[in-house]
Amino acid sequence: MTKNQYIQFFDTTLRDGEQTPGVNFNTKEKVQIALQMEKWGIDVIEAGFPISSEGDFEAVQAIAQAVKTMTVAGLARCNEEDIDTCYTALKDAVDPQIHIFLATSPIHMRDKLKMNQEEVLDSIAHHVAYAKKKFEKVQFSPEDATRSDWDFLVKVINVAIENGATIINVPDTVGYTNPTEFGNLFKFLKENVSRFDDVIFSSHCHDDLGMATANALAAIENGALRIEGTINGIGERAGNTALEEVAVALHIRKDHYQKECGIILNETKRTSDLVSRLSGMPVPRNKAVIGGNAYAHESGIHQDGVLKNPETYEIITPQLVGVAQNSLPLGKLSGRHAFVDRIQQMGYDINNPEEIKVLFSRFKELADKKKNVTDEDLHALMVGKTIEEESQYELTRLQLQYVTDGVQAAIVDIRDKENQQVQLQDSATGAGSIEAIYNTINRILEQEIILKEYNIEAITGGKDAQAEVHVVVEDEEGKRYYGTGIDYDVLTASAKAYIQASGKAKNKQVNEKILTYL
């Protein structure tokens, strides 16, 4: 394989993806996601924007220390303090990289930066050279590149390369471009940037017009060797290029693109589910590659064809992206050794005896209710444990009563983990079970929040499937918070999700760091 045949995958789920309103990963969750990204085969992970907040700095530092093979990147503005902070956060990384950006479009230079073209070029030259003294790998992004003057863009990129940039990223910051135009831009840069072949060119696309993945593939066709994006396409506004879609497209249409990448495709579903559950954002059922309906067929003609030969209507098999597992399910008679062995086979690192004890106890509780515990159930058990551990409040008791005329009453007990002595209890009524539960939680936490979204999914098929509930709540300031709850019982899962979101709202645990729009 030559250099020009390999496409690098740059994941920015933890930076750009976290700018999704209501999404806020903590350090432990970020490290967990980063380790799964490494298993998935990501080449570079943008761990965060170190100067934006103390939490982001700590997360970038923790990821730099945890991963073994991935390049770890940190974001910085054209600012020496940003660059120094990035260097400190990444100094323990096996392979550190800095990602510097400065806007180059007329509207950004005039209205945001208050700088002319010469001032922008001078700033890029100075700060890229400054970063090069600290980092071997320096990536520069001309923010809002697709609305920049193409001739000026060539000058910008030439200056960045001359001063030490080794990667040039071309961002479609506002999702403005289309595949033909974006492909032509890369073709223009290839023809006019004097050292185009000496560096790696990358694309970073947003999905405002629904073309982020198509634009990324157009960039590949015209010289890009790196693709930036997020898992599930999460991100600011309409989101980013969905990396799983690009990876599968390169695999299925290898005859056309003739490119390779390092993505382990059968880890795709697991990676998607982890990000979905920790972010609190459910994957739409019609989502390409990993949506619940991606491999479902309702048309009789389609069903007949698939039964005779799946390739008649399926260009992607569920097994390719890790949707189907052939391993035998566990049950209530399965022992601790079999449970731990299966969890470790699935890629989880559990060696602490106390952690094993807690997990095995949860497994036995589930196995008593569910005849067969599948790998999907076990993934949910592991992620659910992480979610509950990071929540300030814990549901300890839930009781529902039918009153009269359709009114339901709920009694809820909650434990405040920060004050172990405090057991919070109250009751309230509602038009239905969920409303009664949520009214009670609002009374306990003395909060006024509005439920904006409620989604429920079955983790597996069958009448004994576990429930996964996602909620979005909004506080009086209009800020949104996500919550996820997983349980065999639908009402318990609903309560857990609302309690998690409420805890975030109570602590104003929202993304208030410096936001960036690449």
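## Overall build

Of the 518 residues that make up the protein chain, 56% count as buried, where buried means under 20% relative accessible area, exposed means over 50%, and partly exposed covers what lies in between, with a 1.4 Å probe and protein chains only. This is a predicted model, in which local features need a pLDDT of at least 70 and side-chain atom pairs count only at pLDDT 80 or more, while totals for chains, interfaces and linings use all residues. Residues are numbered from 1 along each chain as its sequence is written, and side-chain values use heavy atoms, with hydrogens and water left out.

The protein chain contains 17 helices and 14 strands; these are DSSP runs numbered from the N terminus, helices being H or I with at least four residues and strands being E with at least two. Its radius of gyration is 24 Å, close to the 24 Å that the globule rule gives for 518 residues, so the chain is as compact as a globular protein of that length. That radius is taken over C-alpha atoms, and the globule rule is 2.2 Å times the number of residues to the power 0.38. Along the principal axes, the C-alpha atoms fill a box of roughly 75 × 60 × 45 Å.

## Contacts, surface and charge

Among the contacts in the protein chain with a separation of 6 or more, 68% are accounted for by residues 24 or more positions apart, a contact meaning heavy atoms within 4.5 Å. The chain exposes about 22200 Å², of which carbon and sulfur atoms supply 48%; accessible areas come from the Shrake-Rupley method with a 1.4 Å probe, and for residues only the protein chains shown count as cover.

Lys and Arg count as positive and Asp and Glu as negative, whereas His and the chain ends are not counted; the place of a charge is taken as NZ of Lys, CZ of Arg, CG of Asp or CD of Glu.

## Salt bridges

A salt bridge is a side-chain nitrogen of Lys or Arg within 4 Å of a carboxyl oxygen of Asp or Glu, and by this rule the count comes to 34. One of them joins the side chains of aspartate 111 and arginine 110 at 3.0 Å, N to O; aspartate 111 is partly exposed, with a relative accessible area of 43%, and arginine 110 is exposed, at 51%. Another joins aspartate 144 and arginine 147 at 3.1 Å, N to O, and here aspartate 144 is buried with a relative accessible area of 0%, while arginine 147 is partly exposed at 32%.

The side chains of lysine 496 and glutamate 388 also meet in a salt bridge, at 3.1 Å, N to O. This pair links distant parts of the chain, with lysine 496 in helix 17 (residues 490-506) and glutamate 388 in helix 15 (residues 375-390), 108 residues apart. Lysine 496 is buried, with a relative accessible area of 19%, and glutamate 388 counts as partly exposed at 21%. Elsewhere, salt bridges that share partners join Lys28, Glu355, Lys385 and Glu389 into one network.

## A buried charge without a salt bridge

Aspartate 464 sits in the loop between strand 12 (450-458) and strand 13 (467-474). Aspartate 464 is buried yet has no salt bridge, and the nearest side chain of opposite charge, that of lysine 370, is 4.2 Å away. Leaving aside residues up to four places away in sequence, aspartate 464 touches Lys369, Lys370, Lys371 and Tyr488.

The buried residues are Leu243, Glu244, Glu245, Val246, Ala247, Val248, Ala249 and Leu250, and what covers them includes strand 1 (8-11), helix 1 (27-40), helix 8 (212-221), strand 8, helix 10 and helix 11.

Most residues other than glycine have a negative phi. Asparagine 232, in the loop between strand 8 (226-229) and helix 9 (243-252), has a positive phi near 65° and is buried, with a relative accessible area of 14%. Glutamine 258, in the loop between helix 10 (254-257) and helix 11 (268-279), has a positive phi near 55° but is exposed, with a relative accessible area of 55%.
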